[in-house]
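Please have the picture in view as we go.

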Amino acid sequence: MTDAQQPVFNIEKLYVKDLSLEVPNAPAIYLEREAPQIDVNMSTESRALGEDMYHTSITVTVTAKIGDKTMFLVECTQGGVFRIQNVPQDQIPMVLGIGCPNIVFPYLREAVSDVVIRAGFPPLLLNPVNFEALFHQQQQAQQQQAAPEQTH
């Protein structure tokens, strides 16, 4: 294999695309001693940017509530631009669905934790995510939707 045919995977840029924090019930919410109920919603998106260039982003919304009062709401989108060359075309979705999110996620986790601390709350560490399992679940769901219904 020559150098021209070697697979290439480079991180071109990692960045925070969007970050917002709301503490709607401040300052009274800081007097609460009860542990909040934390709700986390996450999604990933990948797309081609041009020849051999791809973008992957992870968006997370974290809502912390005590009863019906919102303690804080954080929304963050962390993105990454990647150069992927000489990788078989059928493997690109797996690289974008597993490899790229595994690189982007720790930066997203740090951004969310940092903004929560800056808001005056204890650190919030997002649990690790198994992007490989999520990728395979999505693939199975797409295959089931694509398969013609075989009823009766």
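This is a predicted model: local features need pLDDT of at least 70, side-chain atom pairs count only at pLDDT 80 or more; totals for chains, interfaces and linings use all residues.

Let me start with Phe72, which touches Leu21, Glu22, Val23, Ile38, Val62, Thr63, Ala64, Val116, Phe121 and Leu124, leaving aside residues up to four places away in sequence, where contact means heavy atoms within 4.5 Å. Residues are numbered from 1 along each chain as its sequence is written, and side-chain values use heavy atoms, with hydrogens and water left out.

Phe72 is also among the residues with the most contacts inside the largest nonpolar core, together with Val62, Ile84, Leu108, Val112 and Val116, and that core has 29 residues. By such a core I mean a set of buried Ala, Val, Leu, Ile, Met, Phe, Trp, Tyr and Cys residues joined through side-chain atoms within 4.5 Å, buried being under 20% relative accessible area, exposed over 50%, and partly exposed in between, with a 1.4 Å probe and protein chains only. The elements giving two or more residues to this core are β3 (53–66), β4 and α1 (92–118), and α1 gives the most, with 10 residues.

Turning to Lys69, which lies in strand β4 (residues 69–85), we find that this residue counts as partly exposed because its relative accessibility is 39%. Strands here are DSSP runs of E, at least two residues, and helices are runs of H or I, at least four, numbered from the N terminus. The side chain of Lys69 makes a polar contact with that of Glu32 at 3.3 Å.

Notes. A polar contact is a pair of N or O atoms within 3.5 Å; within protein, one must be able to donate a hydrogen and the other to accept it, and residues adjacent in sequence count only if both atoms are side-chain atoms.
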